[in-house]
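This report describes how the chains of one model are built and how they meet. Look over the sequence and the structure first, then read on.

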Amino acid sequence: MRVGLFVPCYVDAFEPEVGIATLELLERFGLDVSYPFDQTCCGQPMTNTGCHAEAAATEALFVRNFTGFDYVVAPSGSCVHQVREHLTAIPQTPEVTAVRERTFELVEFLHDILKVEDLPWAEFPHKVSYHSNCNALRGIGHARPSEINAPFFSKPLDLLAKVRGLEVVEIARPDECCGFGGTFSVFEPAVSAKMGYDKVTDHARAGARYVVSADSSCMMHQKGCAERLGVPLKFIHIAQVLNGAAA
Amino acid sequence: MSAPDDLRIHDGAADRGGLIHPEIRQPDDESERGPDGSRLQHAEGTTQPLSAAPKAAQAREPQPRGARIRGNRPIDQAEAAERFIAAPLHLKAHDERLWDLRKKRDAVAHTIPEWEELRELASQIKAHTLTNLDAYLEQFEAQAKANGVHVHWAADGAEHNRIVHGILTDHGARTLIKSKSMLTEECGFRHYMDAHGIEIIETDLGERIQQLDKEEPSHVVCPAVHKTRLDVAEVFARTLGTDPENDDIHYLAESQRETTRPYILTADAGMTGCNFAIAETGTVVTCTNEGNADLSGNVPKLQIHSIGIEKLIPRVEHLGVFIRLLSRSALGSPITQYTSHFRAPRAGTEMHMVLVDNGRSARLGMEAFWTSLKCIRCGACMNTCPVYRRSGGLSYGATYSGPIGLIIDPTFNKRKYSTLPFSSTMNGSCTNVCPVKINIHEQIFAWRKVLAEEHEIPLVKKGMMKAAGQVLSRPAAYRAAIGAADSALRVLPRFAVYNPLNTWGRGREMPETPRQSFHAWYKQNRAKTDGAA
Amino acid sequence: MSARDGILRAIRQNRPSGTYALPPLPDFAPLVGDDLIASFGERLERMGGRLAQAGPDGDPLGAVRERLAGARVVASAVPEVAGNRDLARVAHPADLADVDVAVVRAVFGVAETGSVLFTQDELRVNAVAYLAQHLIVLLDPADLLVNIQAAYRRPEFGRSAYAVLHTGPSATADIEGVLIHGAQGVRSLTVVLLART
């Protein structure tokens, strides 16, 4: 199985450990993982702002980089959602649709494709609060959203349950958006920051020491909010926890 | 007009410490409690008192006002939201109240096994009706006429107002009591009638508060939810002459009842909006908790119902779907206190129905947006919206606020409301709570595209995206931009950290820059044989 | 062109593509148990209404006798209770402004929600159910329907000039979410189970 590793731009620039953990974790399962060197971004910043024409060249580059893999895997629900649902600024050739269909977010790839049963190397003896990225939750179906009257399931919590010592705490508003919202975070800064303050306060009140998420973008925002408020929370990507990070 | 005194049914009310009506209840009164002593969960009441409800002893926090309206210029929702957030008591009360409604909605929806199926049915019934709207309107009209109702058609809000004014003039009517109607808000009905010397009295408590304070409703179901009891006490003291020091909610509500009732008894005409219009029977259905639509429709000799043409449903049996969804979605209660079906005039009275288009038929032709016409105005999307809860409905500067407003308002004025679809994180919760399954967050996304293509987004924003697109589509330029780690913050990701005002850093700490990007790490540690796939 | 024709023409021109059939409505299983009276009473009380229990002497109206006795003006639309305001002689609905207690019979009740239905025939003067301070409703237990879906299969909605479901009394929570009964209509609603005579 040939896997193309997609490391989103902000992970590349700000959270390289998340990319490393994703790569190592995939390799633990014996996969042939490649990292296409010319990758940049999925085009989300532009399309989310309505600027689809401005996203076309970036989308085309993405497809060029990731054509030919059995799967493309990224540690970001938000970018995968963009690729799967919104990579539409370029003509939808068979090559483009193939890449879009084969692109998976790390958690769902582990849960649905690899059907991971054990993570013997993973131990994280801490109280954690799991943050659902909205695109991962409602866009690509990581879990049953709280609004929906359907049986509960959660792919990330299934995986975290396999990590020794890890305890998940429940927060008061589990599915509430943290306020990052991509460009929203800079164009509507007051509301974005307030949402972030409320989110990190909720995590802290629930007794969490760590916030775990499948998205670095939400955590980058929440981390900035927690630091500004002086809330003692640590943030770690689920790829790192599943790959056996100690803390 | 009768004085409120005439309505007293017991003596001695004046001796009761400022309480107008002798039956006024104290906040801990039994009517809020069930037989087992637990707090009643019904209707609109909160599941517990708001922790943020301000105490009179606290310093009064002025009510934050809504967006500044500057003609046709785009609404600055972010600016108004920032002022709302700067009023912490209001913000907290607002957020808590609406989140409580969302939780009540979840709780009640999860007790109904067929909930998701009901949503799907409601969505399909609306899709069917909207795609056959001409036939259903004709059927409705024919039925209504056969029932002895006068039917009128209005192409827009102005025509609606002229028609109603004409009806009132024909009857020499000078006063009109009405129940809440978003359609009449759309039409600017009160302002029009003010200018023509017709006195309009809103009879929904929240709407009355807003009318007296000369503000628009901030929420489709809870018009004054952005106000605290102190704000209401101030408005009522100023306009109704209540005791400015008394902010007891029972006192305030009772004062409204007592001062509105004389108008109800003497009004020349009554008006309601419409929740559902049934084609099969020509019936207008209203759903209220206060009974004010029934007073408006059953006391004056002249009754008028304003109906948005999208309110049609084919048959009575379909109410069995919509009524089960509406109040549960809105408030978490199984049904509104009153579900009223007005079909024909009372003996000796006249009944008029005004079918209003006001942009709806045009919206039907918008491929990406026509399903927004399914909306039944429950407000669930507002209650769940994290942005709405933290900015207040008036920050949108439009008739419709919150998620549904973001996708409807630009159909009325693409320039003025061009900014609204950006006041969202597109988290998708609105879509999940929508009882008629409108894909609200996807329409927000689609609106952004339309607005960008039609040059209705700021040039600076477009410029940033163009620059980002150029960097992100060229690996060499991209690598150069983030090659030196300390320059990454200045250049990448531009969408997150780049902007002239550094809005990121105002409320948040900046992310630390790592020693090395992933790309550099990979090149150093792994790139022995290959690179590109 | 008239507004009517203009609107209908625009609707036809702008009709969305695709065919959207009207879905058949399935019969949903009732969400109440076999004891409809218990379910009705429980839901009614949750909505702020009261279900009157028969008095110790078996007087079905026992629970409301006190309220009736304390009222100065009683408007009764039922033979079981004598009032002192004749609804047949009301010239204008506003004349009912001083009614303390109105007594009416429900066409039917709905167990799923605790609702009762009236039409203009039961109310005699529609406004009495809103202008009165308190409403007493007689309901024959045999007239209880399981749910709202069953209610909307009844013929009253197609033939009545006015039909209304009441579920508890008038209520509002428009100020800080605090529940108030008697926002604009009746302050209390009490249902008395009493077979039709």
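How many residues does the contact take from chain A and from chain B? It takes 69 residues from chain A and 67 residues from chain B, where two residues are in contact if their C-beta atoms, placed from the backbone, lie within 7 Å.

## Basis of the model

This is a predicted model, in which local features need pLDDT of at least 70, side-chain atom pairs count only at pLDDT 80 or more, and totals for chains, interfaces and linings use all residues. Residues are numbered from 1 along each chain as its sequence is written, while chains are lettered from A and ligands numbered from 1 in the order in which they are written.

## Chain A and its contact with chain B

On the side of chain A that touches chain B, the elements giving two or more residues include helix H2 (16-28), helix H4 (56-66), helix H11 (189-205) and helix H12 (216-229) of chain A. Helices (H or I, at least four residues) and strands (E, at least two) are DSSP runs, numbered from the N terminus. By class, this side has 35 nonpolar, 21 polar and 13 charged residues; Ala, Val, Leu, Ile, Met, Phe, Trp, Tyr, Cys and Pro count as nonpolar, Asp, Glu, Lys and Arg as charged, and the others, Gly among them, as polar.

An unreviewed UniProt entry places the feature "domain: Cysteine-rich" at residues 3-83 and 128-221 of chain A; such annotations may be inferred rather than shown by experiment, and the positions follow the numbering used here, with feature names shortened. Residues 3-83 of chain A are 52% helix and 12% strand, with end C-alpha atoms 16 Å apart. For residues 128-221 of chain A the values are 41% helix and 11% strand, and the end C-alpha atoms are 18 Å apart.

## Chain B and its domains

Chain B has 24 helices and ten strands.

The domain assignment of chain B gives domain 1 (75-94 + 107-356), domain 2 (374-453) and domain 3 (460-525), with bounds from an automatic or database assignment. The centres of domain 1 and domain 2 of chain B, taken over C-alpha atoms, are 21 Å apart. Between these two, 32 residues of domain 1 are in contact with 28 residues of domain 2.

## Chain C and its contact with chain B

Chain C has seven helices and eleven strands, and 51% of its 197 residues are buried. Of the two pairs of chains in contact, chains B and C share the most contacts. No contact joins chain A and chain C.

The contact between chains B and C takes 88 residues from chain B and 70 from chain C. Helix H10 (residues 249-266) of chain B gives the most to the chain B side, with eight residues. Strand E9 (residues 338-342) of chain B runs antiparallel to strand E8 (residues 162-166) of chain C, joined by five bridges; strands pair if DSSP finds at least two bridges between them. In this pairing, B:Thr339 stands opposite C:Leu165.

## The nonpolar core

The largest nonpolar core has 286 residues. Such a core is a set of buried Ala, Val, Leu, Ile, Met, Phe, Trp, Tyr and Cys residues joined through C-beta atoms within 7 Å. Among the residues with the most contacts inside it are A:Val73, B:Phe322 and C:Ala132. Leaving aside neighbours within four places in sequence, C:Ala132 is in contact with residues including C:Ala75, C:Leu96 and C:Val186.

Methods
A residue is buried if 20 or more other C-beta atoms lie within 10 Å of its own, exposed if 12 or fewer, and partly exposed in between; C-beta atoms are placed from the backbone.
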